Amino acid sequence: MFFLALEEKILTRLLWIISTQLLNNKGSTLTRTNETLPRGESIGPSLVKAIEESEIAVIIFSENYAVSSWCLDELACIMECKDAKGQIVMPIFYDVDPSEVRKQKGKYREAFAKHELENKKKVKPWTQTFAKHELENKTKVASWRKALVDASKIAGLEPKHIANGHESRVIKEIVDTIS
């Protein structure tokens with residue numbers, strides 16, 4: 001079973017159709033948040049279960065990946081499964097340099113500045129338990145940063161360096177690599 005972690009806006013419909021088709025042709029199951037998890041069920045626990053049950057997690061980093069706290073939560077969970085269960089993790093750097101992810105530069109730096117600001121706003125109403133919430137939020141952001149660093153250190157694929165970035169050839173290369 002594969003788990004595909006990505007920032008939704010990066011993929012074209014064609015890319016998604018082709019990747020699903022190729023993965024299904026290999027006799028594998030592909031899990032994504034919005035497709036195979038049951039409707040009406042809490043996404044958080046279902047998503048964690050899907051990640052934990054996957055043998056391989058494919059993370060598609062894009063320029064705006066770090067904008068999504070949901071993507072970052074998925075990533076932290078994936079990296080925990082890698083460390084605890086030996087889950088295979090395959091990063092794909094889609095129009096983003098691995099060093100930008102690792103060093104959290106550019107859009108990644110901007111995204112973390114926003115996350116940190118949002119987290120500060122969340123804890124202000126909780127004046128009595130401010131210290132506890134502030135610590136939880138700092139810990140969460142720190143876990144996201146560590147997960148990004150750890151994932152970006154794994155040898156992954158950069159589509160722009162495969163078949164001159166031709167999407168269908170890139171997808172085939174990705175599927176062949178993880179199969």
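What follows is a short tour, from the overall layout down to individual side chains.

## Ground rules

This is a predicted model, so to speak of local features a pLDDT of at least 70 is needed and side-chain atom pairs count only at pLDDT 80 or more, while totals for chains, interfaces and linings use all residues. Residues are numbered from 1 along each chain as its sequence is written, and side-chain values use heavy atoms, with hydrogens and water left out.

## The overall layout

The protein has eight helices and four strands; helices here are DSSP runs of H or I with at least four residues, strands are runs of E with at least two, and both are numbered from the N terminus. Read from the N terminus, the order is β-α-β-α-α-β-α-β-α-α-α-α.

Of the 179 residues, 42% are buried. Buried means under 20% relative accessible area, exposed means over 50%, and partly exposed is in between (1.4 Å probe, protein chains only). The protein exposes about 10300 Å², with carbon and sulfur atoms supplying 53% of that area; the areas come from the Shrake-Rupley method with a 1.4 Å probe, and for residues only the protein chains shown count as cover. Now for contacts, meaning heavy atoms within 4.5 Å: among those between residues at least 6 apart in sequence, 77% join residues at least 24 apart.

## A strand on the inside

Have a look at strand β3, residues 56-61. Six of its six residues are buried, so β3 is largely enclosed by the rest of the structure. In a regular strand, side chains alternate between the two faces of the sheet. Both faces of β3 are covered: I56, V58 and I60 are buried on one side, and A57, I59 and F61 on the other.

Which strand does β3 pair with? Six bridges join β3 to β4 (residues 88-93), and the two run parallel; strands pair if DSSP finds at least two bridges between them. Together, β3, helix α4 (residues 69-85) and β4 make a right-handed β-α-β unit. Right-handed means that, with the strands pointing away from the viewer, the path from the first strand over the helix to the second runs clockwise.

A salt bridge is a side-chain nitrogen of Lys or Arg within 4 Å of a carboxyl oxygen of Asp or Glu. By this rule, the count is four. Among them is K140 with D73, at 3.6 Å from N to O. This pair links distant parts of the chain, with K140 in helix α7 (residues 130-152) and D73 in helix α4, 67 residues apart. K140 is partly exposed at 36% relative accessibility, and D73 is partly exposed at 26%.

Another salt bridge joins R145 to E116, with the closest N and O atoms 3.0 Å apart. Here too, distant parts of the chain are linked: R145 is in α7 and E116 in helix α6 (residues 107-123), 29 residues apart. Both are partly exposed, R145 at 28% and E116 at 33%. K146 and D150 form a salt bridge as well, at 2.5 Å between the closest N and O atoms; both lie in α7, four residues apart, about one turn of the helix.

## One more spot in α6

N119 and K138 are 19 residues apart in sequence, and their C-alpha atoms are 8.1 Å apart in space.
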